[in-house]
Structure formats: C-alpha cells, structure tokens
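Reader: Please pick one part of this model and take a close look at it. Keep it brisk, and tie it to what surrounds it.

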Amino acid sequence: VQLVESGGGLVQTGGSLRLSCTASGLTFSNYAMGWFRQAPGKEREFVAAINWSAVSGETTYYVDSVKDRFTISRDNPKNTAYLQLNNLKPEDTAVYYCAAAPLSTSPTRLRIGVNYDNWGQGTQVTVSS
C-alpha cells in the first residue's frame, strides 16, 4: 500500500494550493480518507476527512480553523483524494499528510486519527506573511 501526496509549496498569505493524495495497493473506494498536518514543534493535527457510501454519498469533516477555507474531495476512479487550500494563512504552514481508514470508521475516530492504517510521506506547505 502506498499513499503519495503532492501539490505542496510556498505561497503568500491569501494564496491557494491543491494537495493530491494518490493511493495504490488498496481498493480506494473501501477507505475513508483524511488529511492531517504537523507544524514544527507541534503535535499532528486533524485537518479534514471524507467518507462515502453508495447510498448516502460523501460526508466531510473539518477542523474549525479551516472550515470555509479548505475543501476535501475524492475521485474514486482515480484513486485520489484532494485538499483544496484557499485563503492560506501563515499558521497553516506545516507538513500535510494523507491517510486511509476503513469506511466503517466513526466520525470521532476519523477526527482523532484512530484506525488510519496507511499514511503518506507528507508534503510541505509554507505560507509566507
């Protein structure tokens, strides 16, 4: 199993980036996807997660600090999850990681980082002031 993030970079305050997470070695549609970030000297932080079912469609979850600025999405045929980052702030600077958890994972566990069996290597996002 491999999760590969891409799309990070250096942007100015107010700028945008689109992160991608492409999965291989697993049946992507069987997994909820999450994005986490870790800034220097800080603990890993939940950013967003997306679950889905054929019956109810997609359900998304966000940490309050990124609501209305970040958007998580997924493209199951492409085995890829995305995180659109808009109106970036210096405090968004961190290494961003994607991770995969079984679809049955509860919203609480998706938020606290439990049940994520697979993680990517991370992509650096730096926001200059």
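**Strand β9 and its surroundings**

Author: Strand β9 and strand β10 (residues 118–119) pair in the antiparallel sense, over 2 bridges. Two strands pair if DSSP finds at least two bridges between them. Strands are DSSP runs of E with at least two residues, helices are runs of H or I with at least four, and both are numbered from the N terminus. A99 has W119 as its bridge partner in β10.

A word on the source. This is a predicted model, with residues numbered from 1 along each chain as its sequence is written, and side-chain values use heavy atoms, without hydrogens or water. Local features need pLDDT of at least 70, and side-chain atom pairs count only at pLDDT 80 or more, while totals for chains, interfaces and linings use all residues.

β9 has other partners. Antiparallel β11 is joined to β9 by 3 bridges. There, A94 is paired with V125. β9 covers residues 94–102 and pairs with β4 over 8 bridges, again antiparallel. In that pairing, C98 of β9 faces W35.

Now follow β4, residues 31–38. Of its 8 residues, 7 are buried (under 20% relative accessible area with a 1.4 Å probe, protein chains only; exposed is over 50%, partly exposed in between). β4 also pairs with β5 (residues 45–53), antiparallel, over 5 bridges. F36 stands opposite F46 of β5. β4 and β5 make a hairpin with 6 residues between them, and G41 in its turn has a positive phi of about 75°.

Next, the core. In soluble globular proteins, nonpolar side chains tend to be buried together. A nonpolar core is a set of buried Ala, Val, Leu, Ile, Met, Phe, Trp, Tyr and Cys residues joined through side-chain atoms within 4.5 Å. The largest one here has 39 residues, of which M33, W35, L83 and Y96 touch the most other members. Elements that give two or more residues to this core include β4, β5, β9 and β11. β9 gives the most, 6 residues. Take M33. Beyond four places in sequence, M33 touches residues that include C21, I50, I72, A99, A100 and Y116 (contact means heavy atoms within 4.5 Å).

What follows β9? T105 sits in the loop between β9 and α1 (107–112). T105 counts as buried because its relative accessibility is 5%. Its side chain reaches the backbone oxygen of P102 at 2.8 Å. Past its neighbours within four places, T105 is in contact with N51, L110, V114 and N115.

The structure holds 4 salt bridges (a side-chain nitrogen of Lys or Arg within 4 Å of a carboxyl oxygen of Asp or Glu). R37 forms one with D92, with the closest N and O atoms 2.9 Å apart. R37 belongs to β4 and D92 to the loop between β8 and β9, so the pair, 55 residues apart, links distant parts of the chain. R37 and D92 are both buried. R69 also forms a salt bridge with D92, at 2.7 Å between the closest N and O atoms. R69 lies in the loop between β6 and β7, 23 residues from D92. R69 is buried too. R37, E45, R69 and D92 are linked in a network of salt bridges.

Terms used:
A polar contact is a pair of N or O atoms within 3.5 Å; within protein, one must be able to donate a hydrogen and the other to accept it, and residues adjacent in sequence count only if both atoms are side-chain atoms.
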